[in-house]
Amino acid sequence: MSSKVQVCIVGVGRAGMVHARNFRWRVPNAELAAIVDADVERARAAAMELDLGDRFYSDLEHALQKIACDAVVITTPTFTHAPLALKAAAAGKHIFCEKPMALTLKECDQMIEAAQRAGVILQIGFMRRFDPPFVEAKRQIDEGAIGRPLIVRTLTRGPGLPPAWAHDPRASNGMLAEVNSHDFDTVRWLCGGEFVNLFARAGAYKVPELRQRYPDFYDTAIVSAALDNGAMGIIDGVCPADYGYDARAEVVGTEGILVIGALHAPPVTRITKAANVVAPRIPSWPVRFDQAYHAEATHFVQCIREGLSPSVGGWDGRQALEAALASNRSIETGLPISLPLSTEAGAPA
């Protein structure tokens, strides 16, 4: 393919604009063809920032009728992912879908099958697989630098609540899906195994008042997991975590340990005689994973141009969702949950 890959972004919220700016200005061999958002005024404002003129639309069908594009990037609320992906596949467009992949395993399977039938790429937005520290850790693990992985401990703590629609687990599968999908994928990826059993605990400790409207809401959770290769995983999440954005991991192996990420942003830490230690916090996920977002978008375009399969695809998205669903079921029942789950598992739409 000699011409640039034409990309249409669906959803111009926080994640959507990260992707839109990358495809507009930073990704080689790509061009931002148009943006789509149900909020027309938000779409108009985004189009102005991105210098797209009148190439903004309120729905994907209209956009596909008006523009020529090769790929669709889906960054809308989770409950819209599957319908949008199926429309994109039916139109023969390659698909990049943000996590979590969908609401149910059945939807994940439909997305995978639709992409396969159409012969298009389906890549899932697990950007940690493209983050230099995580990539280096994976390289060392695969080379045996710490022996066989025994425990993978990973966390995601966000400085603020997710969007309001995500407060209701029926529309989002809760924080473990919306925020900690990355952690489930990280555990699988780093240790090279599949989940077989998960046990979780959760509570609404930071924003308990949201339980009045959403009885199943939680903002703090821990998960203990067993994998089929004998490794164990530990995941925790807190959202909002007032001290900033925090995404770190540890891998304990038979011959050593890898520590991935840091609590604060480099490069300057101040220590004074008043016994204060001050370091700049990491304010948000777009800052922490700027390189990773750029790299995953570049990978997506490269796969389209060269006819390659993405390194993180629909199966990875499905497996992370299954782990989140099992963890939610464990929270509800107080019991460990074994996998696999029924393909019908997931929050009702």
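Which residue just after helix 4 takes a positive phi? Gly92 does, at about 75°.

The model is predicted, so local features are reported only at pLDDT of at least 70 and side-chain atom pairs only at pLDDT 80 or more, while totals for chains, interfaces and linings use all residues. Residues are numbered from 1 along each chain as its sequence is written, and side-chain values use heavy atoms, with hydrogens and water left out.

**Helix 4 and its surroundings**

Helices (H or I, at least four residues) and strands (E, at least two) are DSSP runs, numbered from the N terminus. Helix 4 spans residues 81–90, and its buried residues are His81, Ala82, Leu84, Ala85, Ala88 and Ala89. Viewed down the helix axis, these buried residues fall within an arc of 165°, so they line one face of helix 4. The arc is taken over the directions from the helix axis to the C-beta atoms. Buried here means under 20% relative accessible area, exposed over 50%, and partly exposed in between, with a 1.4 Å probe and protein chains only. The cover over the buried residues of helix 4 includes strand 1 (5–10), helix 3 (60–66), strand 4 (71–74), strand 5 (94–97) and helix 5 (105–118); contact is defined as heavy atoms within 4.5 Å.

**Sheet pairing**

Two strands pair if DSSP finds at least two bridges between them. An open sheet of six strands has the order 3-2-1-4-5-6, with parallel pairing. Its edge strands, strand 3 (56–57) and strand 6 (122–124), each pair on one side only. Within this sheet, strand 1 and strand 2 (residues 30–36) are joined in the parallel sense over six bridges, and Val10 stands opposite Val36 in strand 2.

Strand 10 (residues 232–238) is mostly covered, with five of its seven residues buried. Strand 7 (residues 149–157) pairs with strand 10 in the parallel sense over seven bridges, and Leu155 has Asp236 as its bridge partner in strand 10. Strand 9 (residues 220–227) and strand 10 run antiparallel and are joined by seven bridges; here the bridge partner of Thr220 is Val238. The hairpin of strand 9 and strand 10 has four residues between the strands, and Gly230 takes a positive phi near 90° there.

**Nonpolar cores**

A nonpolar core is a set of buried Ala, Val, Leu, Ile, Met, Phe, Trp, Tyr and Cys residues joined through side-chain atoms within 4.5 Å. The largest such core holds 82 residues, of which Ile95, Phe184, Phe195 and Leu198 touch the most other members. A second, separate core of 26 residues includes Val5, Ile9, Ile35 and Val73. Leaving aside residues up to four places away in sequence, Phe195 touches Phe184, Val187, Arg188, Ala225, Ala226, Leu227, Ala323 and Leu339.

**Backbone exceptions**

Most residues other than glycine have a negative phi, and most peptide bonds are trans.

| Site | Feature | Value |
|---|---|---|
| Lys99 and Pro100 | cis peptide bond | omega about -15° |
| Leu339 to Pro340 | cis peptide bond | omega near 10° |
| Asp51 | positive phi | phi near 60° |
| Asn173 | positive phi | phi near 65° |

Pro100 is placed in the loop between strand 5 and helix 5, whereas Pro340 lies in the segment after strand 15 (337–338). Asp51 belongs to the loop between helix 2 (40–49) and strand 3 and is exposed, with a relative accessible area of 54%. Asn173 sits in the loop between helix 7 (169–172) and helix 8 (175–178) and is buried, with a relative accessible area of 4%.
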